[in-house]
Amino acid sequence: LDFDAAKDWLRASIQADLDALIKHVEEMRQSYVSLPRPVEMSEARLAVFERPPDWALAARKLTDSACDNYGVLWNSKQNSWITPIRHPGTHKLMGWQEKGQGSRLFRNRPTGVQKSKTLFGLDAWLGGTMIVVESPLDAVYLQSLRVGSGVSTFGASVSSEQIDLMRQADRLILAFDNPKLDSAGEKISADMFNRIRAQGMECLFFAYGDSGKKDIGDMSLEEVEFGIANAKHFVFGAGAIYA
């Protein structure tokens with residue numbers, strides 16, 4: 001059924017006791033439901049985690065020093081990465097994102113944390129050129145390679161607040177997942193092309209070239225260096241995202 005036909009079927013098929021429904025709504029109006037208190041965040045909450053083990057660092061090609069700079073930790077019970085979510089101004093802990101190593105575990109803590117209001121790694125960003133990636137660990141990988149300073153949007157979507165934070169960059173390179181291979185990466189890159197231009201800002205798009213790699217985390221040092229050196233300025237048009 002199409003949408004309109006489905007609505008007609010519902011109207012004809014569902015029986016409702018309106019008197020009972022009205023009574024129920026009135027009872028609900030008189031009830032009181034207390035909202036849960038928001039979870040208070042402090043650095044002490046990270047004390048249960050530890051430094052990433054050597055085998056995990058090797059698996060993601062990350063250095064211990066880069067993880068330390070970005071505050072990346074490890075949950076040994078889940079074999080998962082802990083990437084802190086911090087306030088963009090004060091760098092106070094807001095929560096964290098957890099991602100399994102070799103598993104599908106993925107969650108944000110606390111539930112509902114407003115990660116869209118900040119950028120991962122903003123406190124570790126060195127200034128000047130800002131390379132924006134989707135995954136927090138890809139930002140750490142860039143510093144591990146010593147080729148640039150990256151931040152992450154915590155996924156394939158970008159908020160207005162995050163775009164405003166990108167204004168701090170002298171040179172902005174967007175390196176979302178390869179638009180030639182990843183539909184979500186293509187969509188966010190095209191969206192950012194329009195939004196950056198509308199905001200009166202400038203950006204370049206990371207050049208994946210013929211690497212055949214989905215994201216920066218899969219690339220070699222030489223491939224990443226090529227992508228940065230050949231990043232295409234958006235003045236060349238929407239085709240710049242496929243550099």
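This is a predicted model: local features need pLDDT of at least 70, side-chain atom pairs count only at pLDDT 80 or more; totals for chains, interfaces and linings use all residues.
Buried means under 20% relative accessible area, exposed over 50%, and partly exposed in between, with a 1.4 Å probe and protein chains only. Numbering runs from 1 along each chain as its sequence is written, and side-chain values use heavy atoms, with hydrogens and water left out.

Let me start with Ile 14. This residue counts as exposed because its relative accessible area is 53%. Helices and strands here are DSSP runs, H or I of at least four residues and E of at least two, numbered from the N terminus. Ile 14 sits in the loop between helix 1 (3-13) and helix 2 (18-30). Together with Leu 1, Trp 9 and Leu 10, Ile 14 makes a nonpolar surface patch of about 500 Å². For such a patch, residues need over 30% relative accessible area and no salt bridge, and nonpolar side chains (Val, Leu, Ile, Met, Phe, Trp, Tyr) are joined within 5 Å.

Next, salt bridges, meaning a side-chain nitrogen of Lys or Arg within 4 Å of a carboxyl oxygen of Asp or Glu. The count is 11. One of them pairs Arg 86 with Glu 43, with the closest N and O atoms 2.7 Å apart. That pair links distant parts of the chain, from strand 2 for Arg 86 to the loop between helix 2 and helix 3 (54-60) for Glu 43, 43 residues apart. Is Arg 86 buried or exposed? Arg 86 is buried, at a relative accessible area of 16%, while Glu 43 is partly exposed at 44%.

Arg 51 and Asp 68 also form a salt bridge, at 3.7 Å between the closest N and O atoms. Here Arg 51 is in the loop between helix 2 and helix 3, and Asp 68 is in helix 4 (residues 64-70), 17 residues apart. Arg 51 also belongs to a salt-bridge network with Asp 64 and Asp 68.

Now the open space. A pocket is an open set of points on a 1 Å grid over the protein atoms alone, with protein on both sides within 12 Å along at least five of seven lines; a cavity is a set where a 1.4 Å probe fits but cannot get out; lining residues have an atom within 4 Å of a point. The largest pocket holds about 290 Å³. Its lining has 17 residues, and those closest to the centre are Lys 99, Phe 106, Glu 134, Ser 135 and Pro 136. Helix 5 gives the largest share of that lining, three residues. By type, the pocket lining is six nonpolar, four polar and seven charged.

The largest cavity has a volume of about 80 Å³. Which residues lie nearest its centre? They are Arg 86, Leu 119, Phe 120, Gly 121 and Asp 123, out of 13 lining residues. Strand 2 gives the most to this lining, with three residues. So Arg 86, the buried residue at 16%, comes up again here.

The second largest cavity is about 40 Å³. Its lining divides into eight nonpolar, one polar and one charged, and includes Phe 176, Phe 205 and Phe 206.

Methods:
Patches are made of residues with over 30% relative accessible area and no salt bridge: like charges are joined within 9 Å, nonpolar side chains (Val, Leu, Ile, Met, Phe, Trp, Tyr) within 5 Å. Accessible areas come from the Shrake-Rupley method with a 1.4 Å probe; for residues, only the protein chains shown count as cover. Grid points are joined across faces, edges and corners, and a volume is the space filled by probe spheres set on the points. Ala, Val, Leu, Ile, Met, Phe, Trp, Tyr, Cys and Pro count as nonpolar, Asp, Glu, Lys and Arg as charged, and the others, Gly among them, as polar.
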